[in-house]
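Please look over the structure below. A short report on some of its parts comes after.

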Amino acid sequence: MRLLYAGGGDIAHRTMEQLKHTAQAQWCLRRSAGDQSFLPANAQYIQADLTQPNSLEALPDAMSHVLYTATPDGRTPEAYQAVFNQGLKNLLNALDLSTLKRFVFVSSTAVYGPSATWQDETSPTPAPAFNGQALLKAEEFLRQRLGDKLVVLRFTGIYGLERMTLIQRLKAGNVQVAASKGNWANRIHIDDVVQACTHVLQRPDANGVYVGTDDTPIEIYTLYQQLAAWLDAPEPIANLDAPAQGKRFRNQRLKDSGWTPKWPDTLEGYRAIYQQLGLLRQ
(Lines give C-alpha, C1' and ligand atoms only; values in the text may rest on other atoms or scores of the structure.)
Protein backbone atom coordinates (compact mmCIF):
# COMPACT_ATOMS: atom_id res chain seq x y z
CA MET A 1 0.00 0.00 0.00
CA ARG A 2 0.98 3.56 -0.78
CA LEU A 3 -1.43 5.12 1.64
CA LEU A 4 -2.67 8.71 1.94
CA TYR A 5 -4.49 9.93 5.04
CA ALA A 6 -6.69 12.92 4.26
CA GLY A 7 -6.98 14.41 7.73
CA GLY A 8 -4.36 14.20 10.47
CA GLY A 9 -6.41 13.47 13.57
CA ASP A 10 -6.53 10.67 16.10
CA ILE A 11 -7.90 8.00 13.76
CA ALA A 12 -5.24 8.70 11.12
CA HIS A 13 -2.37 8.65 13.60
CA ARG A 14 -3.49 5.42 15.21
CA THR A 15 -4.06 3.74 11.85
CA MET A 16 -0.62 4.83 10.67
CA GLU A 17 0.91 3.12 13.67
CA GLN A 18 -1.13 -0.03 13.05
CA LEU A 19 0.01 -0.22 9.41
CA LYS A 20 3.66 0.72 9.87
CA HIS A 21 4.79 -2.82 9.04
CA THR A 22 2.25 -3.35 6.25
CA ALA A 23 2.19 -0.22 4.10
CA GLN A 24 5.03 0.50 1.71
CA ALA A 25 4.72 4.22 2.44
CA GLN A 26 2.28 6.50 4.27
CA TRP A 27 1.53 10.21 3.92
CA CYS A 28 -0.69 12.25 6.22
CA LEU A 29 -2.25 15.36 4.73
CA ARG A 30 -2.90 18.16 7.24
CA ARG A 31 -3.28 21.93 7.17
CA SER A 32 -0.45 22.68 9.59
CA ALA A 33 3.06 21.28 9.67
CA GLY A 34 3.37 18.62 12.36
CA ASP A 35 6.16 17.13 14.41
CA GLN A 36 7.33 14.15 12.39
CA SER A 37 9.58 12.73 15.09
CA PHE A 38 6.91 10.41 16.51
CA LEU A 39 5.66 9.12 13.14
CA PRO A 40 6.44 5.58 11.98
CA ALA A 41 9.53 5.31 9.80
CA ASN A 42 7.48 4.85 6.64
CA ALA A 43 5.23 7.90 7.26
CA GLN A 44 5.47 11.65 6.79
CA TYR A 45 3.28 14.73 6.82
CA ILE A 46 2.21 16.72 3.78
CA GLN A 47 1.16 20.28 4.56
CA ALA A 48 -1.90 21.02 2.42
CA ASP A 49 -5.47 22.22 2.67
CA LEU A 50 -8.23 20.17 1.06
CA THR A 51 -10.22 23.32 0.38
CA GLN A 52 -7.29 24.89 -1.54
CA PRO A 53 -6.69 22.90 -4.74
CA ASN A 54 -3.33 24.53 -5.44
CA SER A 55 -1.94 23.12 -2.19
CA LEU A 56 -2.65 19.57 -3.40
CA GLU A 57 -0.43 19.78 -6.47
CA ALA A 58 2.52 18.27 -4.60
CA LEU A 59 0.78 15.02 -3.65
CA PRO A 60 2.97 11.94 -4.29
CA ASP A 61 2.22 9.88 -7.38
CA ALA A 62 0.59 6.46 -7.58
CA MET A 63 -1.43 6.38 -4.39
CA SER A 64 -3.07 3.00 -3.98
CA HIS A 65 -5.17 3.63 -0.85
CA VAL A 66 -6.80 6.64 0.81
CA LEU A 67 -8.34 6.98 4.26
CA TYR A 68 -10.51 10.12 4.45
CA THR A 69 -10.98 11.24 8.05
CA ALA A 70 -10.99 15.03 7.57
CA THR A 71 -13.34 16.89 9.90
CA PRO A 72 -14.99 20.32 9.58
CA ASP A 73 -13.66 23.38 11.44
CA GLY A 74 -17.06 23.90 13.06
CA ARG A 75 -20.57 22.54 13.27
CA THR A 76 -22.08 24.67 10.52
CA PRO A 77 -23.42 23.84 7.05
CA GLU A 78 -20.62 25.92 5.52
CA ALA A 79 -17.90 24.03 7.38
CA TYR A 80 -19.35 20.67 6.37
CA GLN A 81 -19.70 21.82 2.77
CA ALA A 82 -16.03 22.82 2.67
CA VAL A 83 -14.73 19.43 3.82
CA PHE A 84 -17.29 16.99 2.43
CA ASN A 85 -18.05 18.69 -0.86
CA GLN A 86 -15.29 20.95 -2.11
CA GLY A 87 -12.53 19.16 -0.21
CA LEU A 88 -13.47 15.77 -1.63
CA LYS A 89 -13.73 17.13 -5.17
CA ASN A 90 -10.33 18.81 -4.89
CA LEU A 91 -8.69 15.64 -3.59
CA LEU A 92 -10.11 13.38 -6.30
CA ASN A 93 -9.04 15.87 -8.95
CA ALA A 94 -5.50 15.80 -7.55
CA LEU A 95 -5.23 11.99 -7.36
CA ASP A 96 -4.39 9.58 -10.14
CA LEU A 97 -7.53 7.46 -9.94
CA SER A 98 -6.08 4.84 -12.28
CA THR A 99 -3.66 3.68 -9.56
CA LEU A 100 -6.21 3.93 -6.75
CA LYS A 101 -7.42 0.58 -5.40
CA ARG A 102 -9.32 1.58 -2.26
CA PHE A 103 -10.84 4.81 -0.90
CA VAL A 104 -12.16 4.49 2.65
CA PHE A 105 -14.51 7.30 3.67
CA VAL A 106 -15.24 7.73 7.37
CA SER A 107 -18.90 8.71 7.65
CA SER A 108 -21.45 8.60 10.45
CA THR A 109 -24.76 7.09 11.44
CA ALA A 110 -26.05 10.67 11.38
CA VAL A 111 -27.29 9.75 7.89
CA TYR A 112 -30.05 7.68 9.57
CA GLY A 113 -33.13 8.98 11.33
CA PRO A 114 -34.74 7.81 14.58
CA SER A 115 -36.42 4.44 14.42
CA ALA A 116 -38.20 2.07 16.77
CA THR A 117 -36.64 -0.90 14.93
CA TRP A 118 -33.06 -2.09 14.52
CA GLN A 119 -31.12 -0.42 11.70
CA ASP A 120 -28.25 -1.49 9.47
CA GLU A 121 -26.73 -0.73 6.07
CA THR A 122 -30.01 -1.49 4.28
CA SER A 123 -32.12 0.91 6.35
CA PRO A 124 -33.46 4.21 4.93
CA THR A 125 -31.18 7.25 5.24
CA PRO A 126 -33.39 10.33 5.63
CA ALA A 127 -30.48 12.34 7.15
CA PRO A 128 -32.65 14.69 9.26
CA ALA A 129 -29.91 17.25 10.06
CA PHE A 130 -27.43 19.16 7.89
CA ASN A 131 -24.41 17.13 9.05
CA GLY A 132 -25.97 13.83 7.98
CA GLN A 133 -27.16 15.38 4.74
CA ALA A 134 -23.63 16.57 3.92
CA LEU A 135 -22.18 13.13 4.64
CA LEU A 136 -24.82 11.36 2.57
CA LYS A 137 -24.15 13.64 -0.41
CA ALA A 138 -20.44 12.97 -0.02
CA GLU A 139 -21.03 9.22 -0.03
CA GLU A 140 -23.15 9.49 -3.18
CA PHE A 141 -20.56 11.67 -4.93
CA LEU A 142 -17.75 9.25 -4.12
CA ARG A 143 -19.81 6.27 -5.22
CA GLN A 144 -20.41 7.90 -8.60
CA ARG A 145 -16.72 8.73 -9.06
CA LEU A 146 -15.11 5.62 -7.59
CA GLY A 147 -17.59 2.75 -7.89
CA ASP A 148 -16.44 -0.41 -6.11
CA LYS A 149 -13.15 1.21 -5.04
CA LEU A 150 -15.15 2.99 -2.34
CA VAL A 151 -15.73 1.68 1.18
CA VAL A 152 -17.90 3.76 3.56
CA LEU A 153 -17.62 3.29 7.31
CA ARG A 154 -20.59 4.78 9.16
CA PHE A 155 -19.49 4.98 12.78
CA THR A 156 -21.69 5.57 15.80
CA GLY A 157 -20.50 7.67 18.75
CA ILE A 158 -16.74 7.22 19.25
CA TYR A 159 -15.32 7.11 22.76
CA GLY A 160 -11.82 6.56 24.11
CA LEU A 161 -9.16 7.71 26.51
CA GLU A 162 -8.78 11.12 24.85
CA ARG A 163 -12.51 11.58 24.22
CA MET A 164 -13.83 11.92 27.75
CA THR A 165 -15.18 15.46 28.12
CA LEU A 166 -18.29 13.71 29.39
CA ILE A 167 -16.42 13.08 32.66
CA GLN A 168 -16.23 16.78 33.46
CA ARG A 169 -19.89 17.27 32.63
CA LEU A 170 -20.97 14.38 34.83
CA LYS A 171 -18.81 15.58 37.72
CA ALA A 172 -20.41 19.01 37.45
CA GLY A 173 -23.84 17.41 37.81
CA ASN A 174 -25.45 19.38 35.00
CA VAL A 175 -25.99 16.63 32.44
CA GLN A 176 -29.62 16.33 31.33
CA VAL A 177 -30.49 13.07 29.60
CA ALA A 178 -33.54 11.89 27.67
CA ALA A 179 -34.80 9.25 30.09
CA SER A 180 -37.97 8.15 28.33
CA LYS A 181 -37.95 4.77 26.61
CA GLY A 182 -36.66 4.65 23.07
CA ASN A 183 -33.62 6.91 23.47
CA TRP A 184 -30.62 4.74 22.71
CA ALA A 185 -26.88 5.25 22.84
CA ASN A 186 -24.75 3.47 20.24
CA ARG A 187 -21.00 3.62 20.85
CA ILE A 188 -17.73 2.30 19.48
CA HIS A 189 -14.32 2.38 21.16
CA ILE A 190 -11.55 4.23 19.30
CA ASP A 191 -9.51 0.99 19.29
CA ASP A 192 -12.28 -0.69 17.30
CA VAL A 193 -12.63 2.30 14.95
CA VAL A 194 -8.95 1.96 14.05
CA GLN A 195 -9.25 -1.81 13.67
CA ALA A 196 -12.21 -1.33 11.32
CA CYS A 197 -10.22 1.16 9.22
CA THR A 198 -7.17 -1.08 8.95
CA HIS A 199 -9.42 -4.07 8.25
CA VAL A 200 -11.23 -2.59 5.24
CA LEU A 201 -8.05 -0.97 3.90
CA GLN A 202 -6.35 -4.36 3.74
CA ARG A 203 -9.21 -6.70 2.87
CA PRO A 204 -9.50 -6.88 -0.94
CA ASP A 205 -13.15 -7.97 -0.96
CA ALA A 206 -14.37 -5.16 1.32
CA ASN A 207 -16.81 -2.92 -0.52
CA GLY A 208 -19.92 -0.85 -0.08
CA VAL A 209 -21.15 0.43 3.27
CA TYR A 210 -20.50 -0.83 6.79
CA VAL A 211 -22.00 0.32 10.08
CA GLY A 212 -19.27 0.54 12.71
CA THR A 213 -20.57 0.08 16.24
CA ASP A 214 -20.21 -2.28 19.19
CA ASP A 215 -22.58 -5.11 20.10
CA THR A 216 -24.58 -3.41 22.85
CA PRO A 217 -26.82 -0.42 22.21
CA ILE A 218 -27.94 0.83 25.61
CA GLU A 219 -30.57 3.25 26.83
CA ILE A 220 -28.73 6.54 27.09
CA TYR A 221 -30.01 7.28 30.60
CA THR A 222 -28.81 3.86 31.79
CA LEU A 223 -25.38 4.53 30.30
CA TYR A 224 -24.99 7.97 31.83
CA GLN A 225 -26.38 6.80 35.17
CA GLN A 226 -23.73 4.07 35.39
CA LEU A 227 -20.91 6.37 34.28
CA ALA A 228 -21.91 8.88 36.95
CA ALA A 229 -22.09 6.16 39.62
CA TRP A 230 -18.56 4.99 38.81
CA LEU A 231 -17.38 8.57 39.35
CA ASP A 232 -19.41 8.95 42.54
CA ALA A 233 -20.94 11.93 40.74
CA PRO A 234 -24.55 13.19 40.88
CA GLU A 235 -27.07 11.22 38.85
CA PRO A 236 -27.83 12.77 35.48
CA ILE A 237 -30.97 14.89 35.31
CA ALA A 238 -33.72 12.68 33.86
CA ASN A 239 -35.89 14.26 31.17
CA LEU A 240 -38.88 11.93 31.21
CA ASP A 241 -40.78 14.00 28.66
CA ALA A 242 -38.22 13.67 25.88
CA PRO A 243 -39.65 12.09 22.73
CA ALA A 244 -38.33 8.69 21.63
CA GLN A 245 -35.65 9.66 19.10
CA GLY A 246 -33.24 6.78 19.48
CA LYS A 247 -31.51 4.51 17.02
CA ARG A 248 -30.22 0.97 17.48
CA PHE A 249 -27.62 -0.31 15.06
CA ARG A 250 -26.42 -3.76 14.08
CA ASN A 251 -22.78 -4.37 13.10
CA GLN A 252 -23.32 -7.79 11.54
CA ARG A 253 -22.09 -6.92 8.04
CA LEU A 254 -18.77 -5.66 9.37
CA LYS A 255 -18.40 -8.70 11.62
CA ASP A 256 -19.25 -11.02 8.73
CA SER A 257 -16.34 -9.47 6.80
CA GLY A 258 -13.91 -10.66 9.48
CA TRP A 259 -13.81 -7.71 11.91
CA THR A 260 -14.22 -8.48 15.61
CA PRO A 261 -14.58 -5.67 18.17
CA LYS A 262 -12.10 -5.66 21.03
CA TRP A 263 -14.72 -3.87 23.14
CA PRO A 264 -18.12 -5.37 22.20
CA ASP A 265 -19.79 -4.07 25.39
CA THR A 266 -20.06 -0.31 25.86
CA LEU A 267 -20.03 -0.39 29.65
CA GLU A 268 -16.99 -2.66 29.77
CA GLY A 269 -15.15 -0.33 27.42
CA TYR A 270 -15.90 2.71 29.55
CA ARG A 271 -15.10 0.79 32.73
CA ALA A 272 -11.62 -0.08 31.41
CA ILE A 273 -10.98 3.59 30.61
CA TYR A 274 -12.14 4.68 34.06
CA GLN A 275 -9.80 2.13 35.62
CA GLN A 276 -6.91 3.32 33.47
CA LEU A 277 -7.56 6.91 34.56
CA GLY A 278 -7.92 5.92 38.20
CA LEU A 279 -11.48 7.25 38.32
CA LEU A 280 -13.43 4.13 39.23
CA ARG A 281 -15.20 4.66 42.56
CA GLN A 282 -17.29 1.48 42.64
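## Basis

This is a predicted model, where local features need pLDDT of at least 70, side-chain atom pairs count only at pLDDT 80 or more, and totals for chains, interfaces and linings use all residues. Residues are numbered from 1 along each chain as its sequence is written, and side-chain values use heavy atoms, without hydrogens and water.

## Annotated domain

An unreviewed UniProt entry annotates residues 30–207 as "domain: NAD-dependent epimerase/dehydratase". Such annotations may be inferred rather than shown by experiment. Over residues 30–207, the chain is 31% helix and 20% strand (DSSP runs: H or I, at least four residues, for helices; E, at least two, for strands). The end C-alpha atoms of this stretch lie 26 Å apart.

## Helices α4 and α6

The axes of α4 (residues 165–172) and α6 (residues 220–231) come within 10 Å. They cross at roughly 75° (lines fitted to C-alpha atoms over the stretch in contact, with angles from 0 to 180 degrees between N-to-C directions). That makes α4 roughly perpendicular to α6 (65 to 115 degrees).

Leu166, Ile167, Leu170 and Lys171 in α4 meet Tyr224, Leu227, Ala228 and Leu231 in α6 (heavy atoms within 4.5 Å). Seven of these contact residues are nonpolar, none is polar and one is charged.

Conventions
Angles under 35 degrees count as roughly parallel, over 145 as roughly antiparallel, 65 to 115 as roughly perpendicular and the rest as oblique. Ala, Val, Leu, Ile, Met, Phe, Trp, Tyr, Cys and Pro count as nonpolar, Asp, Glu, Lys and Arg as charged, and the others, Gly among them, as polar.
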